[in-house]
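I opened my notebook to look up a few spots in this model. Here is what I wrote down, in the order I went.

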Amino acid sequence: MRSWIDLLEIDESKFDLELLKSTSVSDENMRIFLRDAERTYVPKDDVEVDKRTKVRQDRHVSTLKLIVSEVQDYHQGLGYIVAFLGLFLEPEDIARIALTLHRNPKYSKGYFMGAPQNFVADGKVFYKILQKHNPSIHGHLSSKGVLPEMFVVKWFVGLALHVLPFSALFDFYENFFTHGSEYLFKFGLKYLQTFE
């Protein structure tokens with residue numbers, strides 16, 4: 001996973017982590033981060049195990065604070081990504097990855113906002129592409145009143161954490177980090193065709 005930093009061409013000098021650590025986030029975001037941490041790392045009955053869980057919750061919150069101090073908004077999909085990366089990487093590396101995704105139009109620029117207009121626009125573009133390349137799937141979804149932002153969020157913002165087993169997530173992330181958001185469109189088309 002450390003190679004992902006190379007795939008994203010992260011220049012560590014472009015991240016002032018001390019400034020990010022010293023920047024405050026809103027009370028509302030803190031409330032959301034704490035709830036997300038409790039849902040991600042569920043408190044345990046065993047006192048010793050619960051101590052480790054509390055450490056994981058605190059780490060999750062502090063990582064989100066680092067990222068959101070720059071983003072100044074929050075989408076729950078960011079929390080999913082932070083939790084997954086937190087299994088393997090340190091908070092500073094997670095922040096660099098997430099902020100690179102947020103800053104760079106090649107990736108997820110603007111997707112981590114509470115009302116991510118860039119994501120919604122990309123979702124609508126995806127739906128048009130789906131209509132062209134697989135009109136039967138598009139027609140079925142449209143007939144049920146399904147809007148693209150209702151389902152593409154799972155791989156556009158949540159980076160497939162809810163739709164792929166962990167064994168496939170590593171390839172997904174490497175492809176996304178290599179090819180950018182173009183890969184999300186290709187993945188989505190193939191994913192829907194597979195289940196047609």
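My opening question: is tryptophan 4 buried or exposed? I found 1% relative accessibility for tryptophan 4, so it counts as buried (buried is under 20% relative accessible area, exposed over 50%, partly exposed in between, with a 1.4 Å probe and protein chains only).

A note on the ground rules before going on. The model is predicted, so I kept in mind that local features need pLDDT of at least 70 and side-chain atom pairs pLDDT 80 or more, while totals for chains, interfaces and linings use all residues. Residues are numbered from 1 along each chain as its sequence is written, and side-chain values use heavy atoms, with hydrogens and water left out.

**Aromatic pairs**

I looked up the aromatic pairs and got a count of 30. The rule takes rings of Phe, Tyr and Trp (its six-membered ring) with centres within 6.5 Å; planes under 30 degrees apart are stacked, over 60 edge-to-face, and the rest tilted.

One of them is tryptophan 4 with phenylalanine 170, a tilted pair at 6.3 Å centre to centre and 40° between the planes. I noted that this pair links distant parts of the chain, 166 residues apart: tryptophan 4 sits in helix H1 (residues 3-7) and phenylalanine 170 in helix H10 (residues 166-179). Helices here are DSSP runs of H or I with at least four residues, numbered from the N terminus. Phenylalanine 170 has 27% relative accessibility, so I put it down as partly exposed.

Next I checked tryptophan 155 and phenylalanine 187, which pair edge-to-face at 6.0 Å centre to centre with 70° between the planes. Tryptophan 155 belongs to helix H9 (residues 153-156) and phenylalanine 187 to helix H11 (residues 181-194), 32 residues apart. Tryptophan 155 is buried at 2%, and phenylalanine 187 is buried at 12%.

Which value does phi take at leucine 159? I read a positive phi near 45° there, in a residue other than glycine. Most residues other than glycine have a negative phi. Leucine 159 is buried at 0% relative accessible area, and alanine 160 is buried at 0%.

**H4 against H6**

I then turned to helix H4 (residues 47-71) and helix H6 (residues 91-103), whose axes come within 9 Å and cross at roughly 35°. Axes are lines fitted to C-alpha atoms, for helices over the stretch in contact, with angles from 0 to 180 degrees between N-to-C directions. The contact (heavy atoms within 4.5 Å) includes Leu66 and Ile67 of H4 and Ile94 and Leu99 of H6.

**Two single residues**

Arginine 96 is in helix H6, and I have it as buried at 11%. Its side chain makes a polar contact of 3.1 Å with that of aspartate 93. Such a contact is a pair of N or O atoms within 3.5 Å; within protein, one must be able to donate a hydrogen and the other to accept it, and residues adjacent in sequence count only if both atoms are side-chain atoms. Leaving aside neighbours within four places in sequence, arginine 96 touches Ile10, Glu12, Phe15 and Leu17.

Valine 68, in helix H4, is buried at 1%.

Conventions. Helices (H or I, at least four residues) and strands (E, at least two) are DSSP runs, numbered from the N terminus.
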